[in-house]
Amino acid sequence: MTVHSKVLAPELNRRYPVVVRAEGVWIEDSAGRRYLDAMSGGSLAASLGHGRRDLVEAARRQAERLSYVHNERLTNPAQERLARELVAVAPEGFARVRFVTGGAEANELALRLARSYHVERGEPQRWQVISPAQAYHGPTLQTLALTGRPGLQRPFDPYLPSHLHIPPSTQRFDPSGEAALAALDDALAEAGAENVAAFFCEPVSAAALPAYSPPPRFWEGLAERREEHGFLVCFDEIVTGMGRTGSWFAADETPLLPDIVATAKGLGAGYAAIGAVLCRQHVYDAVAEGSRRLTLGHTWDGAPLSCAVGVAVLDALRSEGLVEHVRERGARLREELEEALAGIEIVREVRGRGFLLGVEYADPRDGESFLPPELGVARRIDDAALESDLVTLSTQPTHDGYAGDQSLFAPPFTSSDRELAEMVSRFAVAVHRVAGEVEDELAAASAPIEAGEPR
Amino acid sequence: MSEPVFVREPETSVFLRELDRPYPLIQRAEGVWLYDPAGNAYLDAVGGGAMVTSVGHAVPELVEAAREQAARVSFLYNQQFTTSPQEDLARELLALAPDGFTRVHFVTGGAEANETAVRLARSYHVERGAPQRWQVVSPAQAYHGPTVATLSLTGRPGLHHHYTPYLTPHLHIPPSTWRFDPTGEAALEALDRALEEAGPGTVSAFFCEPVSAAALPGYSPPERFWQGLAERRDEHGFLICLDEVVTGMGRTGTWFAAEQLPFVPDVITTAKGLGAGYAPIGAVLCRDEVYQAFAEGSRAFELGHTWDGAPLPCAVGLAVIRYLRDHALVERVRDEAPRLLASLQAALADSELVAQVRGRGFLLGIDYADPRDGRSFLPPELGVARRIDVEALARGLVVYSTQPTRDGYTGDQTLIAPAFTSTDEELSLVVERMAETVTAVGREVLSRLASPAATGT
């Protein structure tokens, strides 16, 4: 934050570099310093890089013609076209799209749609949601309730409906996925399976558990339980949708087809704020054969400007073969990252697919426990990376009890081989440096803290 | 007019809000005119359908400002970076806000702004060591957004319908409309009861629109209510959050409607007119006292959305403010509004359907009543709101009517919110077409009411 800033910034003690321009994977601040963007704009939206003339031009052309009309009572060609094109790249069986402005809104709508589906079908008692605790679905109160993270929910607990949560099936706690399935069964029993509207989850996690995905057994077990109990499965593909994991949707690679998918960031790719909720035919039919209404929306839902950008983003992804590129290049990128971080004692796991990679750290004294949170490893990794002019995003949800310090590594799909190599090498330098400091500090400290329940 | 072009349910991949509604296909727009592919022109009297395009469509300066910023840097996450558009827009907005406002937090739209305001008010009290304060009291007949938390800020069963299990049990008071409580005293009594019901020291905020839009078009509580509200804030220590999602940025003839109230709120949210249809952007503004709770407390207000404070929407916000200033549009709204209201009132004076024409600035509302007593809500099955919009569209006019009758606080109503840039001729045309519309629907309603079988009453 600059000295005279009037912005109510997320962290008042943090210094925010003032960015003046960006091009491709390079971000330049007012002091002329150039940062390499390994985080697609910092929050995974700018998946096609910065300064794309084709997208800027698509936005301009549409804005000159028709920038805004409200889709509550009017429609426009851009909305109609993007809906068709999105359905065409969605997993088999997805039939309809409702546009929103961003991820949290998409998840809120997905939840309302799941609830409406059951009410329309004459099961008004179904409302409860079960979801993995260590997740992130947005900062609105309803989406905060979809996680089970005290560190995130405090002090807003009085506003949150009581949904049920299961622990993640990470390497640390539940590598087979069986424990999560047992917890899911417990949750179904606790709620009464006939009261459950939806299971809500990220197919591949982002900020909450970088690049983590549950094991195949979990997905199979989830599909069996959906079959048996009749709830819907909603995928939060805010991050993973539109190619991030090397397929159009991560659902394409998951051993279960969800009923509802929410997506956002990569759809506007940093050139428009847009999100979408897609649903399968049977979900749509419940409304079409019932009340024929699913009202309530936001001002910018389906606005022509945002939808035209979405159309141009799809064009770019298709014409440049970027989804395939991410798939192929992502596998090698992960190997390169693993190799560069090999031998660093605080690095416990490098995981992920496509251009959504995650690094998990652990206490080097046992290679297993969370790092002591007061060491602030996540923050130090980002600071060290920034000193090397590299943008990363690390998190420390240690207080939630399910994960310790972690980093996300999610470059734009358009990064060149040289740029990717440079990102990997700068990142390794940063992790090395912090690891060295941390090992020294720990040499003087007490026993590691064991992973466990939220505190 | 040629045959209007509609998109209907079987021919779209969009999950429409209402599957049986034909949606006019708008292809192009300029100024206050919307065009369909057949060349039909519709006069846009409600800002693109949602009180958004306050300076009209296809304004070259705004398109160019967006293009220029997007080419330089369109998006960055404001948890890691800032940009001069974000910094400058924060300063500009504060310069226009009521005295004492010192910080701005940007978001993407109105619902997000209101969600953030609820979290901000709650956090303020927690920071100051009053963690028992969480409850919100708000007028029942309002609209603050479609997210679950913002739906909880209203007390409307028709809006909540089957989402009730997710809603926070906040407390609500009835509106002080001419029908129920013209003085505002009943609402103040209800507020006192709510404060008592919540329990001492548990209320975090009072949340309301200074002038309502979709929920009670053009309605504002009477002066006495505002004074009483301010007295109770002093006594009980809750914050007042004003939802200026619609009214902010000049809509009511001042930059913020708060300027016209006899007290200064603690938190203001705004959105629609800030991006004016050229970018989705919203903002939460707070008084220094609120900010200081964080500055002297945890020094963090974390949780945000992807697009909060991104350079593209902030640059558009700056260009919108510049445009409003350069063309003296807020002044135009202020000066022109009384004449617009008077001419709409005059044009509708003879309609038996119209009970009240009200509003401030370019935010006007028509409240309909049953012509048999001039007072009761119209029978909802007559679908008057829907008929008004259909008839208006047939006359080349886009307005926004609502029928929240089953919420119990109001019946059929129409919202009119023209662009500030509308010419005198265009404003006259809005009034003229609206009067024709109401006359036509009024005739139909009278004949339906004359044959009781048709209404079931």
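Reader: How many strands are in the open sheet of chain A, and in what order do they run?
Author: In this predicted model, the open sheet has 7 strands in the order 4-10-9-8-7-5-6 of chain A, with mixed pairing; strands here are DSSP runs of E with at least two residues, helices are runs of H or I with at least four residues, both numbered from the N terminus, and two strands pair if DSSP finds at least two bridges between them.

Reader: Which strands are at the edges?
Author: Strand 4 and strand 6 (164–166) of chain A are the edge strands, each pairing on one side only.

Reader: And by how many degrees are neighbouring strands turned against each other?
Author: On average they are turned by 20 degrees, direction ignored, where axes are lines fitted to C-alpha atoms, for helices over the stretch in contact, and angles run from 0 to 180 degrees between N-to-C directions.

Reader: How do strand 9 and strand 10 of chain A run, parallel or antiparallel?
Author: Strand 9 (residues 260–263) and strand 10 (residues 275–280) of chain A run antiparallel and are joined by 4 bridges, with A262(A) standing opposite V277(A) of strand 10.

Reader: Which helix packs on that sheet?
Author: Helix 3 of chain A does, touching strand 4 and strand 10 of chain A, and its direction makes about 135 degrees with that of strand 4.

Reader: Changing topic, how is chain A divided?
Author: Chain A is divided into domain 1 (19–51 + 321–443) and domain 2 (55–319), with bounds that come from an automatic or database domain assignment. The C-alpha centres of the two domains lie 26 Å apart, and 32 residues of domain 1 are in contact with 34 residues of domain 2, contact being defined as C-beta atoms, placed from the backbone, that lie within 7 Å.

Reader: Which helix gives the largest share of domain 1's side?
Author: Helix 12 of chain A, with 5 residues; the residues of that side of domain 1 divide into 17 nonpolar, 10 polar and 5 charged. Ala, Val, Leu, Ile, Met, Phe, Trp, Tyr, Cys and Pro count as nonpolar, Asp, Glu, Lys and Arg as charged, and the others, Gly among them, as polar.

Reader: What about chain B, how many residues are in contact there?
Author: 86 residues of chain A are in contact with 89 residues of chain B, and helix 4 of chain A gives the most to chain A's side, with 7 residues. That side divides into 43 nonpolar, 25 polar and 18 charged residues.

Reader: Which strands pair across the two chains?
Author: Strand 1 of chain A runs parallel to strand 6 (residues 82–83) of chain B and is joined to it by 2 bridges, and the bridge partner of V19(A) in strand 6 of chain B is T83(B).

Reader: Why is strand 7 of chain B largely enclosed?
Author: Strand 7 (residues 101–107) of chain B is largely enclosed by the rest of the structure because 6 of its 7 residues are buried; a residue is buried if 20 or more other C-beta atoms, placed from the backbone, lie within 10 Å of its own, exposed if 12 or fewer, and partly exposed in between. Strand 7 of chain B is also joined by 6 bridges to strand 13 (residues 282–287) of chain B, and the two run antiparallel.

Conventions. Residues are numbered from 1 along each chain as its sequence is written. Chains are lettered from A and ligands numbered from 1 in the order in which they are written. This is a predicted model: local features need pLDDT of at least 70, side-chain atom pairs count only at pLDDT 80 or more; totals for chains, interfaces and linings use all residues. Two residues are in contact if their C-beta atoms, placed from the backbone, lie within 7 Å.
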